[in-house]
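Okay, thanks everyone for coming.

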Amino acid sequence: MAFTLYSLLQAALLVVNAIAVLHEERFLRQVGWGSDQGIGGFGEEPGIKAQLTNLIRSVRTVMRVPLIAVNSITIILLLLFG
């Protein structure tokens, strides 16, 4: 398999799918990345862990509907062109 733009986009789609299916109670809390972790004070910069949990939560919220469409298009393209 050659390294092409399509394979790069497909890898990015797989990463976004992996982030979107992470369940907070089943997986993230066991690792220590639950929503109640990383609560900082007023005016403090959030840490890396809090920023990553916010990113995961945002991807799950915003990318739910677009991921359905992009995954459907990818499946159709793979069926048509192999």
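So, the protein averages a pLDDT of 82, and 88% of the residues score at least 70; pLDDT is the predictor's confidence in each residue, from 0 to 100. Among the elements, α2 has the lowest mean pLDDT, 75, while helix α4, residues 64-81, has the highest, 92. Helices here are DSSP runs of H or I with at least four residues, numbered from the N terminus.

Quick housekeeping: this is a predicted model, so local features need pLDDT of at least 70 and side-chain atom pairs count only at pLDDT 80 or more, but totals for chains, interfaces and linings use all residues. Residues are numbered from 1 along each chain as its sequence is written, and side-chain values use heavy atoms, with hydrogens and water left out.

Now the cavity. That's a set of points, on a 1 Å grid over the protein atoms alone, where a 1.4 Å probe fits but cannot get out; lining residues have an atom within 4 Å of a point. The structure holds 1 cavity of 30 Å³ or more, and the largest cavity has about 30 Å³ of space, the volume being what's filled by probe spheres set on the points, which are joined across faces, edges and corners.

Who lines it? Glu 24, Leu 28, Thr 53, Ile 56, Arg 57 and Arg 60. Two elements give two or more residues to that lining, α2 (24-31) and α3 (48-62), and α3 gives the most, 4 residues.

Finally, Leu 55, which sits in helix α3. In space, its C-alpha is 9.1 Å from that of Ile 19, though they're 36 residues apart in sequence.

Conventions: On a 1 Å grid over the protein atoms alone, a cavity is a set of points where a 1.4 Å probe fits but cannot get out, and a pocket is an open set with protein on both sides within 12 Å along at least five of seven lines; lining residues have an atom within 4 Å of a point.
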